[in-house]
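Good morning. Please look at the screen for a moment, and then I will go through some side chains.

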Amino acid sequence: MRTIGVITKLDLMDEGTDARDILENKLLPLRRGYIGVVNRSQKDIDGRKDIKAALSAERKFFLAHPSYRHMADRLGTPYLQRVLNQQLTNHIRDTLPGLRDKLQKQLLTLEKDVEQFKYFRPDDPAIKTKAMLQMIQQLQSDFERTIEGSGSAQINTNELSGGAKINRLFHERFPFEIVKMEIDEKELRREIAFAIRNIHGIRVGLFTPDMAFEAIVKKQIARLKEPSLKCTDLVVNELSNVVRICTDKMSRYPRLREETERIITSYIRNREQMCKEQLILLVECELAYMNTNHEDFIGFANAQQSSDNSNKTHKLGNQVIRKGWMCIHNLGIMKGGSRDYWFVLMSENISWFKDEEEREKKYMLPLDGLKIKDVEQGFMSRRHTFALFNPEGRNVYKDYKQLELSCETQDDVDSWKASFLRAGVYPEKSSDVSNSDESSTESTTSMDPVLERQVETIRNLVDSYMKIVTKSCRDLVPKIIMHLIINNSKDFINGELLAHLYASGDQSQMMEESAEEAVKREEMMRMYQACKEALRIIGDVSMATVTTPVPPPVKNDWLASSLDNPRLSPPSPGGAGRRGVPSNPTPANAASRAPPPPPASGRPAPAIPNRPGPEQGRQPPAPPGRPGGQGLPPPLIPSRPVNLVAAPRMQNRLHFQRN
């Protein structure tokens, strides 16, 4: 498709020989044919013969040579130059549209990045002030969108962040922490029994003392401080992450980014302290007064008839609660050991699949009666593990008493535990009391039916009242955190951040670019300008240039036949018998493999020159009556190509002498 044959040093061929058959594309046809040229010899170069004189001599040679004069207009260096230029033009026309499209796409990609750099001048204070205002406005918009979830083009699609994560902390993690802090049932009844007996003293108690109820409830309410404060810490950490992400766009100005983060973080920490004080005040208010007239409180009359429903859960219907990856550890070494699966947690069961497409379900485990407990990490293990088990000792999964699951971080484990809590799977309640005093107390209380009834009554009252307090805390704690920290931080960023930045120091120093960003900006602008210049040049290229179509294919049946048996390839011209091939191959299909014979022009076939010297001994003997081989028919046209392109001068000369 692209090859052009060039025959050089035609002036050095022996007298009586020529390359006319090759140049007429009859010997070894090429689709684009052959072009003959005569370059300067070494003698001409040493004699400082200029290019113009060489081209003139080349032209005269072709016009004067009897074998080449009829095609002199298709020979010579100028003609080769025109052919090459035309082929290059055709190639440019074919590739230019694709190149233009690629440059336009790259330019559109760079447009967004260099928009802020187009009119940037490092020494102009007005430009710096404008850039500072724009970045603060962008920070305000990004912070509000991240918290409120109004959406933007840069939504995190890999994990929860911002307002979505805070929402999960409020409605999954915080309730989980409250449930986790509840004490064991035995421990609670033991404390109630001690409280009742200590209140009665030496007297025999005929009635259930309300002071025991108040003492136990106050102890339970005081335990609500820890999960409330922990929820505040988690929200503040997430807000700090949001601020860090929103200030990433200020990376061009490291001092501005550092100062902005410092101001916002300091404000959030101050609001955090106020929020914690308010939460502690909320718990103290609950401790200050026991509202036993609450509409949801069962009262003493109903306490004795109520059953213990502390472990009953509210079913949500079999709806999906959460999906995600977890690793199962105790499948056995022979079965592959630990492996990651895609889990789907529903309100009534949990299933795991091979991958996220949820096509191949591995197992479905009902959640009824299951509990959660922590599992110690193995040696050299960095994963955090927990287990699902049945408190009654029944197998959970096939022959296993528990199903061990793990995540990469503790936050993921706690989040999964909170999701299990929504499905009614509660954590295991530990009992640290296992001494003889407890056993003696149990035996004592079991022998006193009056005390047992009083303990049961107080237990029902405590459970009823703690449900009221817990419900109130689960409602008020997120509201307090939202008001005192999140909303105030948002108002601070929107209204006061800019004033604090102006008051913090010199704005010109704050808006100094980092060295890396300066290099990046210069490189980006240089690339942008190069794309624009390239598109301008391509636009100036005339697409109306004349093109030449590709010549039709040449007859090359001999090539296919030689490929059928590569060991028996046709001989080279003048090289019969050099590779073990017969001197006169005459296969049955020789006529079909050979190129078409040259048209009859009345011109005799070129004589085969004889090599002088010892080579004479290699010539085949002439038949009788034909001295010197005169009158022999023209040799068969060889069917194997010969590399005639830009051959060295001496090799070319020897080659034609050998022929």
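Tryptophan 352 has a relative accessibility of 2%, so it counts as buried; buried means under 20% relative accessible area, exposed means over 50%, and partly exposed lies in between, with a 1.4 Å probe and protein chains only. This is a predicted model, in which local features need pLDDT of at least 70 and side-chain atom pairs count only at pLDDT 80 or more, while totals for chains, interfaces and linings use all residues. Residues are numbered from 1 along each chain as its sequence is written, and side-chain values use heavy atoms, with hydrogens and water left out.

Now the rings. Rings of Phe, Tyr and Trp (its six-membered ring) pair if their centres lie within 6.5 Å; planes under 30 degrees apart are called stacked, over 60 edge-to-face, and the rest tilted. Searching the whole structure gives nine aromatic pairs. In one of them, phenylalanine 61 and tyrosine 68 have ring centres 6.2 Å apart and planes at 50°, so this pair is tilted. Phenylalanine 343 and tryptophan 352 also form a tilted pair, because their planes are at 40°, with the centres 5.4 Å apart. Is phenylalanine 343 buried or exposed? It is buried, at 0% relative accessible area. Tyrosine 68 is buried as well, with 0%. Ring pairs also join Phe61, Phe62 and Tyr68 into a cluster.

Next, salt bridges. A salt bridge is a side-chain nitrogen of Lys or Arg within 4 Å of a carboxyl oxygen of Asp or Glu. How many salt bridges does this rule give? The count is 23.

Take helix 6, residues 163–180; helices here are DSSP runs (H or I, at least four residues), strands are E runs of at least two, and both are numbered from the N terminus. Arginine 168 and glutamate 172 form a salt bridge, with the closest N and O atoms 3.4 Å apart. Why are they about one helical turn apart? Because they sit four residues apart in that helix. Arginine 168 is partly exposed at 23%, whereas glutamate 172 is buried at 8%. Also in helix 6, glutamate 177 and arginine 173 are four residues apart, and their side chains meet in a salt bridge at 3.2 Å, N to O. Glutamate 177 is buried at 7%, and arginine 173 is buried at 7% too.

In helix 17 (residues 515–540), arginine 536 and glutamate 533 are three residues apart, so about one helical turn separates them. Their side chains meet in a salt bridge at 2.4 Å, N to O.

Finally, Asp233, Arg269, Glu272 and Lys276 are linked in a network of salt bridges.
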